Amino acid sequence: MIFDNILFAACTVLMPPLMIGVIRKTKARLQNRMGARFEQPFHDLLKLFKKHQTISKTTTWIFQLSSAMNISVMLIAACILPWLSFKPHFAGDDLFLLLYLFALLKYSTLLSAFDCGSPFGAMAASREAHVSLLLEPAIFVILVSLGFIAKSTSLGAIFDFSTSCTVYYLPVWLSAAVGLFLCSLAELSRMPVDDPNTHLELTMIHEAMILENSGKNLALIEYAHAIRLTVLYGLCVQCLLHALTFFTHAQHLVLDPTSLTVLSVAGPFAFAVLTALIESTLVKLQWRRVPEFIAYALTMSMFASASALIGGSYASHHL
Amino acid sequence: MPLAATLLDATIIFFLLTCLVATLWRGSLKHNYMAAALCAGGLALLFSAASGWHLQYTWQAAWPIFLAVAPLSNHIDALSSLFVALIALATISISFFSPGYLQHLEKKCNLRLYWVLVFFFIIGMVGVIVAANAITFLLFWEIVALASALLIASDLASNECKRAAFIYLGATRISTTLLIGAFLWLHALSGNWDFNTWNLSHHATVIPAAMIMVALCIKGGVWPFHSWLPYAHPAAPAPVSALMSGCMIKMSIYAIIRLLIMPGLSSPILIFALLVLGVISAFWGILYALMQNDLKCLLAYSSIENMGIILIGISLSLIANYYNMPLLAALALAGALFHTINHGLFKCLLFLAAGAIDVCAHTRNLERVGGLGKKMPGTMILFTIGTLAVCSLPPLNGFSSKWLIYQSLFRLACANQSLILSGVCFVSIGVLALVSGLALACFTKATGIIFLGRSRSSDSDHATECTPFMLAGQAIPAVACVGLGVSTPWILSKLQSICSLVYANAPSVEPLYTLRMDFVAFSLVFLVTILYVFWLNGRKSEIRSYSTWDCGAGHLSGRMQGTATSFADTFAMTFAPLLQYHLTSVIGGKDRRHFPESISVETAVTQLLETRFYGPIAKFFRWLGKCMQIMQAGSVHLYLSYILFTLVALMLAGLIVQR
């Protein structure tokens, strides 16, 4: 138990920069470049932590508070979100609380974008708010469908491995994993929606919002963003692992805790590689076509909810 | 007579006497004295609500006061105490806020009349809440309607206010007519005017119940009857808007509980209609709120959204009761009541802050403000608290109440009653998620545009912070918002007495509240403070102040920023068919692609409901009026023949009836 807690803390601190490193390395290799080492993001962050800040005269207290808020909310979210199978249980880990914590993070980021009085910030804030507005129903419905299976809104209970997945709920877990992955791509400003590598202010979403941040301030935001990436991919992995319990159960091979631990730590890195593949092969969508991409996520969420409802009624008839 | 009842009576008499003195007073009226009277009354109401919580007491006015067919009868219990407490808090807040605010209105309005009307407005609202029979209810309902209509028309010089008052009066007339009809009907069925003798569980009462529902939806600004609300709220002075949005539209929530739920409404069609209206109101209200550039209009539309959310809670409670799930019924009712209180508080705060911005920056048009955060730091903090609460972000009170409503939707979906019901719950959760996304966009836009960035006009350049008393008026609801957010279990234990009043033997809902908001709030504040104070601002020498990145173009002017319209444009494009959104931009100049000399952009949003639904109805009545004009030819002979024909027709009718 204590070992689990220590491992969880280590993963929370170390995994996010490493994930960014893996994405960058894979992308570089796919472009026939050597690329920086995996641990480069650590050095980047440390450098930023040491640097002094340059802050616009236009800003108010909201600007710096926002980056503090970003990292604090993400740390609390990482504690209540079951993105690793061995995460210690926290009381009150409610799914609605989690989603509104993400909203709180977005609120402070959007305000800090407004705070500099830069035209880019306001434009990016508008786009970010629009993307997250369209994503919100998809994420809510997916998580509520998963909650429907467990008949509870506690995330710990939903992602609990004590029972294996039955055939009724297999489609729910699978579509939830796909839907959440599509949502995370849009939510994290990854490729089909936003290109994290361009530095053209007019096309960026996330980068344009944090254009004015520098030094420690920027480090906190970058770190929070990396944690967000890791926990969201971790959540997708947990959904897939739950789907996997169905297959192992069928062959009377229940997943043992050790393999679960290994899979849940390795899983996010697999998703990072997948992200790099997507970013190397796809092009960024035109802004007006972003809603079409999000519609796929929404469709997956509808599929998840419909299969949860139908699977639920079948399960109650057969038991 | 218990203390609560005595205090209520005393407050009403005290307010009436104050009105009398204010009317008869020859000299100039001191706003401070009137505000002190208001504050004293508010405190008395608060005490009366606190002491009346555990009571169930009915009392009647003494002999000379009698309302023709029924006595002036009052009743106080936990439900009415809750709403009296809300009114009391709003009253105390506006009593602090008003004197500073009214100084700016001296030339525009008749302030003596204003004060008298405000007192009557509050008397009316308290009277509606404690009314025990239909006649008393109607009397105070009309006092509220007339006082608020006159208050909307305070600034008679402006055509906007006249039009708003006219539309509002029209809406209240329809509402009152429906109520009178329904009350007469129910009286005919039960033979009694007292609310506690009415029973709506019978089939014969579906139509009067529907009439009451429509009447209350009109008064509460629920879609599709909300059209009056975006006119009325912005036209009224800020303290009145705060009272209207914070308390007056909550009267209909109170009345829905008292007149529909407590007599046992059980018609599935009406319950389902309530849910649908709630869902549509929530979405419609916040979508239009996002498009507004007038701060008060934006807040008014957001009230429609929140009324929708409350209605969702109430209809869920009724559905759960219909399927005989007492725990869920109590949970949803507690959620709806809690959201009612929360919305009353944060909307009161936001409207007062809007008033402060209006008088300090001389405009509330979002295109003309900007960068007020440095000039009005206190208002900014309070407004930010208000927007955090209205976006229902943790750890504030808005989140707790919305969580209860989400939780009821979720539990209803899991209850295995029917696949369709579960599906409806899932859809409602999806829509509520969309609504909260829109609310987030709407209120970050408001806060960001008003307080952050640079000033967009000379009006907001010269803005200064409002008076400390005006700030105190906004701080009272703000403190209540934060307090209620972290003390939700306590509130739930208090709301329990209302739940068991409405549904006999309602089980305790407090154990269902599994969130640890105190813990979340504490860790959030702790982490943020540590990082902000010690890490980011630890060494001031390490922070360099510089100008915002301007692409090397030189000085950034106030106009080189995102505007409210450009922020909303992204959303408007997505919902263009619903909003009837049109954007036309003209770029002029010789080489207009690269060196434009003039750029003009025009956007238009049409109220779909007004143009497509209410427009044709109004047109029909105008046409009908034109047709009727033929009868009024101006000739005495014709009029005399009308009288003759009427007499003959009446005699014939009498003969037929006698047969």
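I started at B:Q580, which sits in the loop between helix 22 (576-579) and strand 6 of chain B. Helices (H or I, at least four residues) and strands (E, at least two) are DSSP runs, numbered from the N terminus. The model is predicted: local features need pLDDT of at least 70, side-chain atom pairs count only at pLDDT 80 or more, and totals for chains, interfaces and linings use all residues. Residues are numbered from 1 along each chain as its sequence is written, and chains are lettered from A and ligands numbered from 1 in the order in which they are written.

I looked up phi of B:Q580 and found a value near 55°, positive in a residue other than glycine. B:Q580 counts as partly exposed because it has 15 C-beta neighbours inside 10 Å. The cut-offs: buried means 20 or more other C-beta atoms within 10 Å of the residue's own, exposed means 12 or fewer, and partly exposed is in between, with C-beta atoms placed from the backbone.

Next I checked strand 6 (residues 582-588) of chain B. Of its 7 residues the number buried is 0, so strand 6 lies largely in the open. Strand 6 pairs with strand 7 (residues 598-604) of chain B, antiparallel, over 7 bridges. Pairing needs at least two bridges found by DSSP between the strands. B:L583 has B:T603 in strand 7 as its bridge partner.

I placed A:S189 in the loop between helix 7 (170-187) and helix 8 (206-209) of chain A. A:S189 is buried because 22 other C-beta atoms lie within 10 Å.

**Cis peptides**

I noted a cis bond between B:W223 and B:P224, with omega about 0°. B:P224 is in the loop between helix 7 (206-220) and helix 8 (229-235) of chain B. The bond from B:P394 to B:P395 is cis too, with omega near 5°.

**Helix 19 of chain B**

Helix 19 (residues 488-502) has 15 residues and reaches 20 Å from first C-alpha to last, close to the 21 Å expected at 1.5 Å a residue. The expected span is 1.5 Å times one less than the number of residues. I found a kink of about 30° centred on B:L495. The bend is the angle between axes fitted to the seven residues ending at a residue and the seven starting there.

The buried residues of helix 19 include B:I491, B:L495 and B:I498. Its buried residues pack against several helices of chain B, among them helix 3 (78-102), helix 13 (326-361) and helix 20 (517-536). Contact means C-beta atoms, placed from the backbone, within 7 Å.

**B:C348**

I followed helix 13 of chain B to B:C348. B:C348 counts as buried because it has 32 C-beta neighbours inside 10 Å. Beyond its neighbours within four places in sequence, B:C348 touches B:A90, B:S93, B:A242, B:G246 and B:P477. B:P239 is 109 residues from B:C348 in sequence, yet 8.2 Å away, C-alpha to C-alpha.

**Where the chains meet**

The contact takes 65 residues from chain A and 64 from chain B. Helix 5 of chain A gives the most to the chain A side, with 17 residues. I also checked strand 1 of chain A, which pairs with strand 5 (residues 543-546) of chain B in the parallel sense over 4 bridges. A:I55 stands opposite B:S545 in strand 5 of chain B.

Technical notes. Two residues are in contact if their C-beta atoms, placed from the backbone, lie within 7 Å.
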